[in-house]
Amino acid sequence: MQLGIFAEINLFKSAFLTPHLNKQLSFIYFKNQTLFFVAKHPAFCQEFDYTRKGIIQTLRIYPDKFPNLSTLKDAKTFLSRNTQFSRPQETMLLHHQKIQTFKERSEGEFTNYCTDPELYEIFEHIRTNIKKLS
């Protein structure tokens, strides 16, 4: 039975999910009459809320193609623990105020096209600071 469910999930992914949605998923699994979508990014979880009912209805319409999945009662999504998106880091300040900071992902490698000397120096200062953080 598990191999049949796996084949149905792959058929569903290839036939009904856009390439964009496929890239946003870590994997899909079926358990206790629920189809779980494990997302890579929190935006997919929000987008999924709009399409959840359509997914359930689509699978129920085609019981010949999806004999196991057509019996599902619900579809849910959650965020994978192994996400790669940048999460804010909290930094403690005086008086116990918290601010959010992000880890710099740039390496400071960019072309400075500014012809205005003042702006050129500002961008070079930014480049220097980025390289210090890397």
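E109 is exposed, with a relative accessible area of 62%, where exposed means over 50% relative accessible area, buried under 20% and partly exposed in between (1.4 Å probe, protein chains only). Residues are numbered from 1 along each chain as its sequence is written, and side-chain values use heavy atoms, with hydrogens and water left out.

E109 forms a salt bridge with K131, and the closest N and O atoms of the two are 3.3 Å apart; a salt bridge here is a side-chain nitrogen of Lys or Arg within 4 Å of a carboxyl oxygen of Asp or Glu. The pair links distant parts of the chain, since E109 sits in the loop between β5 (98-101) and α4 whereas K131 belongs to helix α4, 22 residues apart. K131 is partly exposed, at a relative accessible area of 42%.

The protein has 4 helices and 5 strands, which follow the pattern α-α-β-β-α-β-β-β-α when read along the sequence; helices (H or I, at least four residues) and strands (E, at least two) are DSSP runs, numbered from the N terminus. Of its 134 residues, 26% count as buried. The protein exposes about 10,200 Å², of which carbon and sulfur atoms supply 55%, the areas coming from the Shrake-Rupley method with a 1.4 Å probe and, for residues, with only the protein chains shown counting as cover. Among the contacts with a separation of 6 or more, 46% come from residues 24 or more positions apart, a contact meaning heavy atoms within 4.5 Å.

The mean for the protein is 80, and 82% of its residues reach 70 or more. Confidence is highest in α4, at 89, and lowest in strand β4 (residues 89-92), at a mean of 50. Where pLDDT is low, the predicted coordinates should not be read in detail.

Because R127 and E124 are 3 residues apart in helix α4, about one helical turn separates them, and both R127 and E124 are buried. The side chain of N112 makes a polar contact with the side chain of E124 at 3.0 Å, and a polar atom of the N112 side chain lies 3.1 Å from the backbone oxygen of Y120. (A polar contact is a pair of N or O atoms within 3.5 Å; within protein, one must be able to donate a hydrogen and the other to accept it, and residues adjacent in sequence count only if both atoms are side-chain atoms.)

L119, found in helix α4 (residues 117-133), is partly exposed, with a relative accessible area of 40%. Together with I122, F123 and I126, L119 makes a nonpolar surface patch of about 320 Å²; patches are made of residues with over 30% relative accessible area and no salt bridge, like charges being joined within 9 Å and nonpolar side chains (Val, Leu, Ile, Met, Phe, Trp, Tyr) within 5 Å.

Elsewhere, D74 forms a salt bridge with R52, with the closest N and O atoms 2.8 Å apart. D74 lies in strand β3 and R52 in helix α3, so the pair ties together parts that are 22 residues apart in sequence. S70 lies in the loop between α3 (42-61) and β3 (74-79) and is buried, with a relative accessible area of 14%. The side chain of S70 reaches the backbone oxygen of F66 at 2.8 Å, and, not counting residues up to four places away in sequence, S70 touches L59, R60 and P63.

The last stop is the loop between β1 (25-31) and β2 (34-39), where N32 is found. N32 has a positive phi of about 50° although it is not a glycine, and N32 is exposed, with a relative accessible area of 66%.

Key: pLDDT is the predictor's confidence in each residue, from 0 to 100.
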